[in-house]
Amino acid sequence: MKPSDNSTEALKNIVVRPLVRGDLAQILRLHETRDDIDEGGAEKRTRLLEWLAFRNPFGGQDETTYYVAEEKGTILAYHGRMPVRFVINGTISPGYFVHDLYVDPAARKRGLGVAITFLIARAIEEQSDTFFCLYGMTPLNRMMQTRRGYTEMVADSYLRRISIRNELMRFLPSPVLAGLGDLVRRAGLSAFDVLLQFRTAGGRVTLTMPDRFDEAVDRLAEALRPVLGICSLRTSAHLNWRYVDRPFPRERIIAAWRDGVMTGYAVVGLSPYKKDTPVGLILDLIADPADTPTIIKLIQSSVRQLASMGAAAVRCIMSDPRFAAVLRQCLFTREAVGQTMMLGNLHKSDQRAVIEEVRRWHMTRGESDSFLLSP
């Protein structure tokens, strides 16, 4: 798919430049044209975009975090480029997550949607001195990014059902029987969880639910650098920015300890897209891959916490096969559809062969900041 001759001519009046704070009024105007947000959603999304664009602790001085396409003083589109620090083979390397693309419907009606998208994509490629990741995309965006030569990877998605009451209702003659059957199943799962903890010596691991991340997380991040798969560097500053201090926080933290030392943590929350039948999400699951007791404790505690929040099922995106094996031990099953991530600018990385292999990543749903912008 290439821009048409007419759209190419129209692009002569369009300038791509960095977003500045003075643009936020126009960003709000753009958000008011979106059909995927409810009443009051435009202001909420603009506050979240401001947080992403101007508060990222990994953002350098004057580093561009969003690009806008402007025509004669009017912003027609924007696209985010979030700075991040990746850990690759134990070494900290700069990179970006590219997400949050939106083009004004009026510009799309003029046939400029694809052309503007390519224009911003080219600016991001040229002005980024390292590789970048794209996480969470529409089918159209994936098609366009494939045309630009980006590499596609898919991380597996795992699901554990907490309640099957609705499913039982289809086969059993009364809600009472369905509820009873679901209760018996839950009791069996709880007994299995206790047995699994006993078999893996999980009793030495204790859990807390802190309000925020502190220096214990920084020490853990440093200890895990040589052994955890490729992922963003999870410092306390970045995690608090991502989960705690952001506008409209909604996630909960579960921390694991052994002999007073943090051995891992999970971040959980309910999916904003499944409000009728709530689905719980394990957004982050961090520990030494060899520390099975800690991982089991965190997974089981995550399931219990999400069940108490009303979730009927729990999902976890996980590319690391070492963690995936433990998820399966905890009765999670792999789903048919996984999470797509695409890689661009790989020619600017000297570790391309490593980065392109999805099994070398510790990719979770919380790996990118894109979920912050969900309703």
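Me: In this predicted model, a nonpolar core is a set of buried Ala, Val, Leu, Ile, Met, Phe, Trp, Tyr and Cys residues joined through side-chain atoms within 4.5 Å; how many residues does the largest nonpolar core have?
Reply: The residues with the most contacts inside the largest core are Y66, F213, Y265, L285, F332, M341 and W361. A second, separate core of 22 residues includes L76, A77, A121 and L134. The number asked for, that of the largest nonpolar core, is 88 residues.

Me: Which residues does F332 touch, not counting residues up to four places away in sequence?
Reply: F332 is among the residues with the most contacts inside the largest nonpolar core. Leaving out residues up to four places away in sequence, F332 touches Y158, L159, R160, I282, I299, V303, V314 and L327.

Me: Is W361 buried or exposed?
Reply: Residues count as buried under 20% relative accessible area. The relative accessible area of W361 is 0%, so W361 is buried.

Me: Are the rings of F86 and W361 stacked or edge-to-face?
Reply: F86 lies in strand β3 (residues 74–88) and W361 in the segment after α13 (352–355), 275 residues apart, so that the pair links distant parts of the chain. Their ring centres are 5.7 Å apart, and because planes over 60 degrees apart count as edge-to-face, the angle of 80° makes this pair edge-to-face.

Me: Over which ring does the charged end of K44 sit?
Reply: Elsewhere, the charged end of R34 sits over the ring of Y102, 4.5 Å from its centre. For K44, the charged end is 5.1 Å from the centre of the ring it sits over, and that ring belongs to F248.

Terms used
Residues numbered from 1 in each chain as written. Predicted model: local features only at pLDDT ≥ 70, side-chain atom pairs only at ≥ 80, totals over all residues. Heavy atoms only, no water. Buried < 20%, exposed > 50% of the residue type's maximum accessible area, 1.4 Å probe, protein only. Contact = heavy atoms within 4.5 Å. Phe/Tyr/Trp six-rings, centres within 6.5 Å; stacked < 30°, edge-to-face > 60°. Helix = DSSP H or I, 4+ residues; strand = E, 2+ residues; numbered from the N terminus. Lys NZ or Arg CZ within 6 Å of the ring centre and 35° of its normal.
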